[in-house]
Amino acid sequence: MKKHHLILLTTALFITLFYGETAIGINLGVLGISYSILLLVETPKKNHSRNLLLLFVITVFSSFAFAWFGDFISGLALFTSLFLFALKAKNRELKSLLVIPLFIANFITFIGRFFKFDEWFPRKKTSGMTQKIISVFVIPFVFIAIFFGVYSLGSDHFSSFFSKWEFDLNLWEFFWITVLGFFLAFTVWNFKIYHLLFSFNHQLKNDFVNEDITQKPTYSFLDLNAERKSGVVSFIALNLLLLIFIVTFNYEQFVEISKNPNQLSAETHERVNAVILSIILAICVIMFYFKGNFNFDIESKSLKILAKIWIVLNAVLVISAVTKNSEYILNFGLTYKRLGVYAFLILALIGLILTFYKIHFRKTNAFLFNQMFWYFYGTMLVCSFVNWGGIITSHNMGRKDFALNYHQTAIDYSEKQLLDYAKQTKNETLRKQILLEIELKRENSFLSKTLYYETTPSK
């Protein structure tokens with residue numbers, strides 16, 4: 001299909017799926033699957049690869065995940081997967097990390113690119129019938145819709161005159177749904193890869209090339225020996241400092257007298273934040289020293305050993321924080337934040353492992369960003385596929401201090417577990433409340449539904 005055919009087809013599909021709907025649910029899932037299939041079919045065979053097929057499968061599963069839950073994280077996972085798929089379908093050589101600046105740039109330049117008709121609209125002369133349809137119907141309709149809205153805002157009598165007529169079409173809603181659908185379709189099928197991104201792509205290589213291996217000082221005021229000594233002294237001091245911090249951190253966490261839950265919660269989050277910030281800064285320091293020359297410097301063995309020791313000590317710090325978070329969950333139960341702490345600490349540990357790998361196998365700093373992008377993306381996918389609310393409620397139900405009101409109001413997608421809890425405790429009032437909430441969710445039209453509530457017991 002031609003580019004303009006794809007844009008118009010998917011715009012029409014967007015209007016069909018979202019016009020007149022009260023919520024976003026199955027409709028966005030169907031849209032995601034449709035885009036996935038069209039992208040795969042329209043991708044040239046030379047761009048087909050194992051990664052592209054994997055992205056196709058992930059995008060389809062992300063679409064199902066949104067149709068099932070319909071929450072923010074599922075939507076974010078779906079759009080990220082779709083844009084990654086579109087990027088790799090068009091250019092398999094570009095690093096995935098560039099998907100964010102690429103599509104932000106295309107969002108910003110949408111208006112300018114729209115008026116460059118030669119880039120996305122057929123250049124050959126259209127048939128007489130097509131010209132008549134465009135000139136007599138399409139263009140006048142767009143202008144009439146725009147000015148109808150403007151005049152309706154400026155005159156009550158004008159607005160009331162037309163409101164007396166029995167229109168099934170909500171022009172304002174139709175107009176904005178069309179604009180949004182066209183914007184998405186135009187961005188996916190006609191995005192532009194700016195030349196500046198290709199230069200960035202070169203900078204994001206994972207391995208060094210010959211010009212990077214050349215031994216030369218980073219700064220004019222420090223020669224190589226001085227810079228090497230600076231690194232050795234810095235890492236000796238940082239290792240000693242980190243050892244002291246690990247001892248005091250663990251003493252405060254596991255030895256000091258317990259405080260009340262609120263104080264303990266605040267302090268736990270503060271300490272975890274400190275650990276994560278410490279890991280990020282540690283990786284930045286290592287990237288500063290191992291950005292090029294020292295990866296191949298035969299005299300920097302002691303520097304590499306000290307850096308690896310520092311990585312291992314930081315990993316010990318992460319494990320201490322994971323242990324404390326686990327103890328905290330055993331004492332006070334699961335919450336979204338406590339699960340989030342696990343996620344961030346695991347990502348921090350992965351970052352340290354990749355940094356160790358980078359030093360040992362002489363990888364570029366960009367290698368860390370390229371790899372961590374996929375781990376963050378994978379974390380987002382896991383979060384979108386799993387019903388964490390149900391897990392939290394199931395875990396906490398067996399506790400004597402189970403906070404029923406909190407799980408009813410603050411935890412999503414836990415209705416099945418709460419119905420089990422109502423049955424166990426013979427709480428008829430709770431059972432009726434949950435069933436009423438489920439029925440209200442089911443009242444949405446088919447395309448606005450989320451499949452989770454369709455599979456939840458209603459009796």
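What follows is a short tour, from the whole chain down to single residues.

First, keep in mind that you're looking at a predicted model. The protein chain has 22 helices and zero strands. Of its 459 residues, 42% are buried. Now think about which parts of the chain touch each other. Take the contacts between residues at least 6 apart in sequence: 74% of them join residues at least 24 apart.

You can see that kind of pairing in two examples. Phe 288 sits in helix 14, which runs over residues 261-289. Count along the sequence from Phe 288 to Asn 365 and you cover 77 residues, yet their C-alpha atoms are 8.9 Å apart in space. Phe 288 counts as partly exposed, because its relative accessibility is 35%. The other example is Gln 371, in helix 17. Between Gln 371 and Asn 206 there are 165 residues of sequence separation, and the C-alpha to C-alpha distance is 9.3 Å. Setting aside neighbours within four places in sequence, Gln 371 is in contact with Asn 206 and Leu 354. Its relative accessibility is 24%, so Gln 371 is also partly exposed.

Helix 13 covers residues 224-254, and its 31 residues at 1.5 Å each should span 45 Å; the end C-alpha atoms are 44 Å apart, so the two agree. Some of helix 13 is tucked away: its buried residues include Leu 224, Gly 231, Phe 235, Leu 242 and Phe 249. Helix 4 is mostly covered, with 14 of its 19 residues buried.

Now for the empty spaces. Rolling a probe the size of a water molecule over the atoms shows where empty space is left. How many cavities of 30 Å³ or more does a search of the whole structure find? The search turns up one. The volume of this largest cavity is about 40 Å³. Its lining is made of Leu 28, Leu 31, Gly 32, Tyr 35, Leu 78, Phe 79, Leu 82 and Leu 184. Helix 2 (26-42) and helix 4 each give at least two residues to that lining, and helix 2 gives the most, with four. By class, seven of the lining residues are nonpolar, one is polar and none is charged.

The second largest pocket holds about 980 Å³ of space. There are 37 residues in its lining, and those nearest its centre are Ile 73, Phe 376, Thr 379, Met 380 and Cys 383. Which helices supply at least two residues each to this lining? They are helix 4 (72-90), helix 5 (99-108), helix 16 (336-360), helix 17 (365-385) and helix 18 (388-396). Helix 16 provides the largest share, with eleven residues. Sorted by class, the lining has 29 nonpolar, five polar and three charged residues.

How many disulfides does a search of the whole structure find? It finds zero.

Let's finish toward the end of the sequence. Thr 393 is found in helix 18. Is Thr 393 buried or exposed? Its relative accessible area is 0%, so Thr 393 is buried. Leaving out neighbours within four places in sequence, Thr 393 is in contact with Phe 402, His 407, Ile 411, Ser 414, Gln 417 and Leu 418.

Further along, look at two loop residues with a positive phi. Tyr 413 lies in the loop between helix 19 (404-409) and helix 20 (415-425). Its phi is near 55°, a positive value in a residue other than glycine. Lys 426 is in the loop between helix 20 and helix 21 (428-442), and its phi is about 55°, although Lys 426 is not a glycine either. How do they sit relative to the surface? Tyr 413 has a relative accessible area of 11%, so it is buried. Lys 426 counts as exposed, because its relative accessibility is 75%.

How values were computed. Residues numbered from 1 in each chain as written. Predicted model: local features only at pLDDT ≥ 70, side-chain atom pairs only at ≥ 80, totals over all residues. Heavy atoms only, no water. 1 Å grid on protein atoms, 1.4 Å probe; cavity = no way out; pocket = protein on both sides within 12 Å on 5 of 7 lines; lining within 4 Å. Points joined across faces, edges and corners; volume = space filled by probe spheres on them. Nonpolar A, V, L, I, M, F, W, Y, C, P; charged D, E, K, R; others polar. Buried < 20%, exposed > 50% of the residue type's maximum accessible area, 1.4 Å probe, protein only. Disulfide = S-S within 2.5 Å. Contact = heavy atoms within 4.5 Å. Expected span 1.5 Å × (residues − 1).
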